[in-house]
Amino acid sequence: MERKNAYVCRCEEVTQEEIIAAIRAGDTTLDAVKRRTRAGMGFCQGRTCRRLVAQLISAYSDVPFDTALEGSVRMPVGPLSLGLIADTAGGTEE
Amino acid sequence: MKTYDVIVVGAGPAGLGAAIESGKAGASVLLADENDQPGGQLFKQIHKFFGSHDHYAGTRGFQIGQQLLEEAARAHVEIRLSTRVWGIFEDGTVSACTEDESFRCRGTWLILATGATENSLVFPGNTLPGVITAGAAQTMVNLRHVRPGSRAVVVGSGNVGLIVSYQLLQAGMDVAAILEAAPQVTGYAVHAGKVRRAGVPVLCSHTVLEARGERELEEVVVAQVDGQFRLIPGTEEVIQADTLCISVGLTPRWELAALCGCKMDFCGPLGGRLPLHSETLETTCPHVLVAGDLSGIEEASTALDEGRLAGVHAAAALGLLSTAESAEREREIQSRIAALRQGAFGRKRQTSKEQIWSRYHQHQGGGL
Ligand SMILES: Cc1cc2nc3c(=O)[nH]c(=O)nc-3n(C[C@H](O)[C@H](O)[C@H](O)COP(=O)(O)OP(=O)(O)OC[C@H]3O[C@@H](n4cnc5c(N)ncnc54)[C@H](O)[C@@H]3O)c2cc1C
């Protein structure tokens with residue numbers, strides 16, 4: 001049986017090797033890893049992989065785990081179609 | 001724009017408790033949840049809770065949920081399901097969407113009770129069909145009445161892992177083993193005893209190395225680890241299974257709290273990153289309260305009472321309860337929560353909570 005990949009970010013299909021390579025190349029924050037690899041930019045917006053990436057950052061750099069967890073959060077929290085965002089911006093008010 | 005006295009995000013036990021208490025006092029309350037059913041994790045719990053009568057001992061989780069829904073209806077809470085809160089703007093407006101509409105509304109008080117996310121693990125094959133989280137297994141077995149497979153390996157011997165193992169057995173599956181990386185079981189002895197008596201081996205100092213299969217899970221490679229969680233070479237073993245159930249802890253869902261601008265804190269024993277908060281669930285943002293797993297991973301009963309406390313706090317601040325009434329109500333709830341934070345496991349949570357409260361007061365410049 002062929003050995004399967006170990007995925008860290010399943011939404012964007014980013015493997016553990018790719019994350020470690022990014023950290024070794026100097027990306028030691030969630031945002032930096034995200035910009036290089038797209039980990040955390042998918043459907044779940046990092047809900048699943050944020051903690052895993054932070055664990056890898058703390059294992060492969062001198063940044064402690066709690067510091068590594070501090071990433072930026074942006075709206076929308078969760079997937080949302082652009083059409084719906086436009087609705088709200090236009091002010092569909094209740 | 002529609003305005004409410006209180007907007008509660010998340011209709012798990014914490015959110016229901018908050019909505020009920022503020023609604024009962026006369027506040028107009030919107031309770032939004034992205035799920036199509038209210039109750040959060042409660043409706044997945046088919047087992048009886050233990051503890052005291054005040055904590056619904058002997059009642060099954062989903063029945064507690066049913067009682068809470070009835071209470072919420074009597075308190076005139078507006079419950080909106082399949083409604084995800086996706087943003088909170090600087091002016092305090094809350095944006096939420098359903099499948100086909102997005103709307104904005106405003107609340108004088110915002111109570112966040114967004115619960116937690118299940119932690120995952122990285123190993124080769126971790127996306128093979130058959131590899132699922134404990135929560136997913138519970139949803140399948142207890143809510144949808146489908147078996148995820150026929151033979152499972154469970155990773156993690158905390159309460160969730162132990163309870164889910166037992167529920168998989170009840171659903172007619174085999175549980176080949178429970179793996180625990182620590183040298184001893186991490187959940188309650190009663191739960192561990194139950195699965196052991198049912199013949200399930202709990203393999204301590206063991207972890208999962210790899211999930212294998214052509215198109216779906218066929219076997220799990222496990223191995224022993226030492227006291228530093230380092231792999232002991234040569235201890236690999238293969239276990240046949242079509243289901244691998246991951247139950248390695250929960251992380252608070254703090255995204256909305258962070259968007260509000262709440263100061264964040266870190267507490268390992270309570271699940272990691274979470275919003276800094278006080279004994280009465282205030283955050284560093286005025287008019288934003290938190291409750292339940294979001295303010296530290298505990299249990300359904302604590303989540304419910306934290307929610308009630310937040311609801312009372314908001315109702316009192318809105319002038320809907322007299323000082324004496326709210327003080328009396330708070331005392332009652334606080335004493336129940338204190339009782340829940342006793343015993344070996346409870347004490348640890350109590351100490352962690354106290355550290356957070358004290359950091360909250362330091363941050364607010366008050367000292368305790
Ligand atoms: C698999 C599993 C089994 C458990 N078993 C037990 C048990 O047997 N006994 C026990 O005491 N405890 C158990 N727990 C723990 C217990 O369920 C939790 O402590 C408790 O449910 C926490 O309540 P809560 O209201 O804070 O969160 P939850 O019950 O998780 O509810 C949070 C709700 O918020 C909603 N939500 C989140 N974000 C948004 C958003 N942006 N917009 C709209 N809605 C949102 C979610 O859909 C969810 O319904 C278990 C937990 C898990 C994960």
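How many salt bridges does the rule find across the interface of chain A and chain B? Two salt bridges are found there, a salt bridge being a side-chain nitrogen of Lys or Arg within 4 Å of a carboxyl oxygen of Asp or Glu. The model is predicted, so that local features need pLDDT of at least 70 and side-chain atom pairs count only at pLDDT 80 or more, whereas totals for chains, interfaces and linings use all residues. Residues are numbered from 1 along each chain as its sequence is written, chains are lettered from A and ligands numbered from 1 in the order in which they are written, and side-chain values use heavy atoms, with hydrogens and water left out.

The interface between the chains may be taken up next. Chain A contributes 34 residues to the contact and chain B contributes 45 residues, where contact means heavy atoms within 4.5 Å. About 3600 Å² of area is buried between chain A and chain B, and carbon and sulfur atoms give 59% of that area; buried area is the accessible area (1.4 Å probe) that two parts lose on being put together, summed over both. Between the two chains, eleven residue pairs are in polar contact, with both residues at pLDDT 80 or more. A polar contact is a pair of N or O atoms within 3.5 Å; within protein, one must be able to donate a hydrogen and the other to accept it, and residues adjacent in sequence count only if both atoms are side-chain atoms.

On the side of chain A that touches chain B, the elements giving two or more residues are β1 (7–9), α3 (49–60), α4 and α5 (82–90) of chain A. Helices (H or I, at least four residues) and strands (E, at least two) are DSSP runs, numbered from the N terminus. The largest share of this side, four residues, is supplied by α5(A). By class, the side comprises 15 nonpolar, seven polar and twelve charged residues; Ala, Val, Leu, Ile, Met, Phe, Trp, Tyr, Cys and Pro count as nonpolar, Asp, Glu, Lys and Arg as charged, and the others, Gly among them, as polar.

Individual pairs also link the chains. Side chains of opposite charge can pair when their charged atoms come close. Over all chains the structure holds 23 salt bridges. One of them joins Arg3(A) and Glu210(B), whose closest N and O atoms are 3.1 Å apart. This pair crosses from Arg3(A), in the segment before β1 of chain A, to Glu210(B), in strand β12 (residues 206–212) of chain B.

Three aromatic pairs occur over all chains. Rings of Phe, Tyr and Trp (its six-membered ring) pair if their centres lie within 6.5 Å; planes under 30 degrees apart count as stacked, over 60 as edge-to-face and the rest as tilted. Among these pairs, Phe65(A) and Phe266(B) are edge-to-face, at 5.8 Å centre to centre with 85° between the planes. Because Phe65(A) lies in helix α4 (residues 65–68) of chain A and Phe266(B) in strand β17 (residues 264–267) of chain B, the pair joins two chains.

Within chain B, an automatic or database domain assignment gives domain 1 (2–117 + 250–364) and domain 2 (120–246). Their contact takes eleven residues from domain 1 and 15 residues from domain 2 of chain B. The centres of the two domains, taken over C-alpha atoms, are separated by 31 Å. The area buried between these domains is about 1000 Å², with 55% given by carbon and sulfur atoms. Across this domain interface the rule finds zero salt bridges.

Two backbone features of chain A complete the description. A cis peptide bond, with omega about -5°, joins Met75(A) and Pro76(A). Pro76(A) is placed in the loop between α4 and α5 of chain A. Gln45(A), although not a glycine, has a positive phi of about 55°.
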